[in-house]
Amino acid sequence: MNYKKIEIPISANCEEVETVKILSKKYKPEDIYFEFFDDKINIHLNQLDFVSFKNDIEKLKSQKEVKNGNQNLLDLIFDKINSIKSYGIKNKKRVYVGYNDEKKVSERKKKEEKRITAFYSLNHNFSKHNNNLPQEFENQILCGDSLELLQKLPDNCIDLILTSPPYNFGLEYAETQDDFMWKRYFDKLFAIFEQCVRVLKYSGRIIINIQPLYSDYIPTHHLISNFFIQKKLIWKTEILWEKNNYSAKLSSWGSWKSPSSPYLKGTWEYLEVFCKGTLKKEGKKEDIDITEEEFKEWVNAKWSIAPERNMQKFGHPAMFPEELAKRVIKLFSYQNDVVLDPFNGAGTTTYVAKILNRKYLGIDISEEYCKTAIQRINSQLF
Ligand SMILES: C[S@@+](CC[C@H](N)C(=O)[O-])C[C@H]1O[C@@H](n2cnc3c(N)ncnc32)[C@H](O)[C@@H]1O
């Protein structure tokens, strides 16, 4: 129990002390208690029914045997306590210690709630009703256009989407780049992402691995993030995937040793993480599989992971490494959750999801890549 300490100096006069002892016996020690010394009285004050206290003092003072000197001591004690103006009121008592703690906690909680509201996500229309993924889509690699295939899924049936988009919609037939070509690219990409938002469960996460198109000066990571923000998803974080591939050729796009137009390029890519409806995803404790060491390392949002080394073996030019998929899946989903990759390529997401006891659905437009993704899963004995 905490107390506020008040020191009252006294002269060596037993009668005064005796009077205060009479007063002290009227209270519970958890509210207030007195310590008596030769030259002082220490009052330890936690809480006090101040009206009763005042009456008690008045009564003592009016008793005939109390002499003038004693009255002064009682007045001194009363004045000292009455001069404390910082207190709370609880059950008609003045509370002198910790009265602000509850308020502080509730204010902190309120502040925290306010802080996580992500203003742009307010007034979304997401239903909280989640659906099961229909059996026919469970643990499947589907070949086709995600825009068409995703429309066959019900709303709110996927826990986690991990993907890296292609760089070539609408670019196939283009001889030269023009703004219409880029409009076609983003229209198609966002139409697929719109479906992704729809099929994502309330509290589900969508994680996009993306690299800005440096050579075309297109900040794809910003444009994509802006799309999800406009769709009222909550931006949870941005992970920097440091690939450390310094060997990538320095291109001659920019000016050499001159500020006229230096060309800057990164050795990293981004993972933009968004949540639907809420930041918190409920799940069973026994379905958590991330270890303490993994958690501690991976919540540091800069991940140093070498690029995929087996792209030739898998016959795909733009894969992300298994380690990247493993971290995303373990950090943002529970075992038995449903993981989707709408641009599944050689099937890194679906392969790792399977290994980690998640249900998976992978879609890719290329038959060849789908075959690879299936072979990859089948080659493993689980
Ligand atoms: C960047 S790659 C994904 C690679 C994958 N993360 C991996 O590790 O293997 C993008 C993929 O999107 C696929 N794609 C392009 N347009 C598509 C569409 N409309 N629907 C589904 N997949 C498509 C491409 O075939 C390509 O394999």
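Trainee: Which strands does helix 7 lie across?

Mentor: Let's set the ground rules before I answer. This is a predicted model: local features need pLDDT of at least 70, side-chain atom pairs count only at pLDDT 80 or more, and totals for chains, interfaces and linings use all residues. Residues are numbered from 1 along each chain as its sequence is written. Helices (H or I, at least four residues) and strands (E, at least two) are DSSP runs, numbered from the N terminus. Now, helix 7 (residues 220-230) lies across strand 9 (200-210), strand 10 and strand 11, and runs at about 0° to strand 11. Axes are lines fitted to C-alpha atoms, for helices over the stretch in contact, and angles run from 0 to 180 degrees between N-to-C directions. Contact between two residues calls for C-beta atoms, placed from the backbone, within 7 Å. Helix 11, too, packs on the sheet, where it touches strand 7, strand 8, strand 13 and strand 14, and its direction makes about 170° with that of strand 14.

Trainee: What is the order of the strands in the open sheet of eight?

Mentor: Two strands pair if DSSP finds at least two bridges between them. Here the order is 7-14-13-8-9-11-10-12, and the pairing is mixed. The edges belong to strand 7 and strand 12 (302-304), each with a single partner strand, so one side of each has no neighbour in the sheet. On average, neighbouring strands of this sheet are turned by 20° against each other, direction ignored.

Trainee: Which pairs run parallel, and over how many bridges?

Mentor: Strand 8 pairs in the parallel sense with strand 9 over five bridges, and with strand 13 over two bridges, also parallel. Follow a few residues by eye: L160 stands opposite R205 in strand 9, T163 opposite I208 in strand 9, and I161 has L340 of strand 13 as its bridge partner. In a regular strand, side chains alternate between the two faces of the sheet.

Trainee: And where do I find antiparallel pairing?

Mentor: Look at strand 11 (residues 268-275). Six bridges join strand 9 to strand 11 in the antiparallel sense, and strand 10 (residues 234-242) pairs with strand 11 antiparallel over eight bridges. F274 of strand 11 is a handy landmark: I206 stands opposite F274, and W235 stands opposite F274 too.

Trainee: What about the open sheet of three strands: what is its order?

Mentor: That one reads 4-6-5, with antiparallel pairing. Strand 4 (47-48) and strand 5 (88-90) stand at the edges with a single partner strand each, so one side of each lacks a neighbour in the sheet. Strand 4 is joined to strand 6 (residues 93-95) by two bridges, and the bridge partner of Q47 in strand 6 is V95.

Trainee: How many residues of strand 8 are buried?

Mentor: We count C-beta atoms, placed from the backbone: a residue with 20 or more others within 10 Å of its own is buried, one with 12 or fewer is exposed, and anything in between is partly exposed. For strand 8, six of its six residues are buried. Strand 9 has nine of its eleven residues buried, so the rest of the structure largely encloses strand 9. E269 is buried as well, with 20 other C-beta atoms within 10 Å. Leaving aside neighbours within four places in sequence, E269 is in contact with N209, I210, Q211, W241 and K243.

Trainee: Why is helix 11 largely enclosed?

Mentor: Six of the eight residues of helix 11 (residues 348-355) are buried, so the rest of the structure largely encloses the helix. Those buried residues are T348, T349, T350, Y351, V352 and A353. What covers them includes helix 10 (322-332), strand 14 (359-364) and helix 12 (367-378). Just after helix 11, N357 takes a positive phi of about 60°.

Trainee: How many residues surround the ligand?

Mentor: A residue is near a molecule if its C-beta atom, placed from the backbone, lies within 6 Å of it. The ligand here is surrounded by 20 residues, the closest being S146, M319, F343, G345 and T348. Helix 5 (146-149) and strand 14 each supply at least two residues of this shell.
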